[in-house]
Amino acid sequence: MKNLDGKPSIVGDELVDGFRFQTEWAWLIAIAFFLGGIGAGLFLVSVFFKFKLAALLGLLIVAFGKGGAHLLYLGHPLRAWRVILKPGSSWISRGMIATVIFTFFGFLWCAEVVPGFGWLVLKEGTFAGGLVTSLAVISALIVGIYDGLVMSSSPSLPFWNTALLPMFGFNEAFLGGVTLTILLIHFGIGGNLSVNLNILELVEVGLLLLNLLLLIVYLMTMFTSNLTSKVSALLLLKGKYAPYFLGGGIFTGAILTLLLIFYFYFTHQVLALAGVALASLLGDFVVRFTFLKVGVYTPLSYR
Amino acid sequence: MRYGMAIDLKRCIGCNACTIACKQENGTPEGIFFTKTLANEVGKYPYVKRTYTPVLCNHCSDAPCLKVCPTGATHKRNDGIIMVDQDKCVGCRACYVACPYKNRYYMPISLLKKGYYGGLNPFEEKKHENMQGEVAVKCSFCFQRVDEGLEPACVVTCIAGARIFGNLDDPASEVSKLIRLRNGRQPLAERNTDPSVYYLE
């Protein structure tokens, strides 16, 4: 598909053939996916360290942040209950069910730190305790990779239609969880929690590098799979979304974050750590947002 | 029984009479097109050619919009027509994103109040009576006409006879014969959606 200049045509809603943007899923969906990712990631990391206060924060981010953004986006929020009706085929249904299960069992897991629920102590080693933890963790995993599964399940937008997307989304979620955990512990919210912060910081560096690697592999795959996915990839690297993606996603989210981590490693300034969290989370959000925005449909005349 | 359409691209002259007939039949507000004709300029001066491709919901056998709909608002009738139940749609726009042909629209409620010429005229008032805002909308092969034994509005209005409507399951129907004889192709067949709309070239 070439236009008169020999370049792929990107068109809007005009009555001409060409690559068209998906225009409906934008800010609110990006916010919902971002909050769902970091909330679930924070919960999973907190379960590993038995850091119940952070787990509760993750749960609240998912329930109110992600849930609220989704509700605000719906055309008919009062009909939202209907969303659970098609789990056999729809990832949105499965995601909603997973979110409800996560909210319920996640709350049970960390209820003892909630004022008024101190009596609800989950005993370790019991069947009930194991069941609650397992259900909370499994549903959190689904919530963490939900955005990738929703986006990759449809064949319409080749840039999204790849199994790499859930993997990338989950890594972003896990990275967000680790970042927030480090930040909370440094600000003294962890109490008497025995966590080796040096190891956690190394995990963060590892996840950041893995994230960068996955992003490079993702873009390389998109450049070589078909013309439509190549157009999307070009929009990220050279087109109108390049300043956001390269500046926010790559520079701030990866390079600046890594530099700040090393700065923190040598100076132990809490302000640098806050900068790490801010840069990393901002990068995560920008990548999710730009991925949504560069989704283009294949023109009918393209064969 | 599977309703489908063959569109003869050699006959289409891009007059958009189908677009207007569809808007008249369905009363769609400004910016919402259940069908339209896309122009495509191919080549380089002086060897330039303009072709036209009419598009509408392809009523796919394996419709991605049907799979992703979380509420069951998008459903398929026994005759293969894909419908949207306005009362069940939550406005999540997953179907809009999932349609490889971008043939679905999201209807903001403001469009239903706006009207083409500032405020609603009596025609728009009548047509918008049973329409809901903030839901997904699309072509329904004019099911209200098809159920009465009539052809969709775009088919009867086409001045070049470029649109042929009928039962794809009946090998003796005109639409099936044309697809067979002229080697009709489905749009973006590689997406594995098995559309009920075929293009003849």
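Reader: What share of the 303 residues in chain A is buried?
Author: In this predicted model, buried residues make up 46% of chain A. A residue counts as buried when 20 or more other C-beta atoms lie within 10 Å of its own.

Reader: What makes up the secondary structure of chain A?
Author: Nine helices and three strands. From the N terminus, the order is β-β-α-α-α-α-α-α-α-α-α-β.

Reader: Why is chain A called as compact as a globular protein of its length?
Author: Its radius of gyration is 21 Å. The globule rule gives 19 Å for 303 residues. The two values are close, so chain A is as compact as a globular protein of that length. Its C-alpha atoms fill a box of roughly 70 × 50 × 25 Å along the principal axes.

Reader: Why is strand β1 of chain B called largely enclosed?
Author: β1(B) spans residues 3–8, and six of the six are buried, so the rest of the structure largely encloses this strand. Both faces are covered. B:Tyr3, B:Met5 and B:Ile7 are buried on one side. B:Gly4, B:Ala6 and B:Asp8 are buried on the other.

Reader: How do you know that β1(B) pairs with β9(B), and in which sense, parallel or antiparallel?
Author: A pair needs at least two bridges. β1(B) and β9(B), residues 197–200, have four, so they pair, in the parallel sense. B:Asp8 has B:Leu200 as its bridge partner in β9(B).

Reader: What joins β1(B) to β8(B)?
Author: Five bridges, with the strands running antiparallel. β8(B) covers residues 163–167. Opposite B:Tyr3 stands B:Asn167 of β8(B).

How values were computed
Residues are numbered from 1 along each chain as its sequence is written. Chains are lettered from A and ligands numbered from 1 in the order in which they are written. This is a predicted model: local features need pLDDT of at least 70, side-chain atom pairs count only at pLDDT 80 or more; totals for chains, interfaces and linings use all residues. Helices (H or I, at least four residues) and strands (E, at least two) are DSSP runs, numbered from the N terminus. The radius of gyration is taken over C-alpha atoms; the globule rule is 2.2 Å times the number of residues to the power 0.38. A residue is buried if 20 or more other C-beta atoms lie within 10 Å of its own, exposed if 12 or fewer, and partly exposed in between; C-beta atoms are placed from the backbone.
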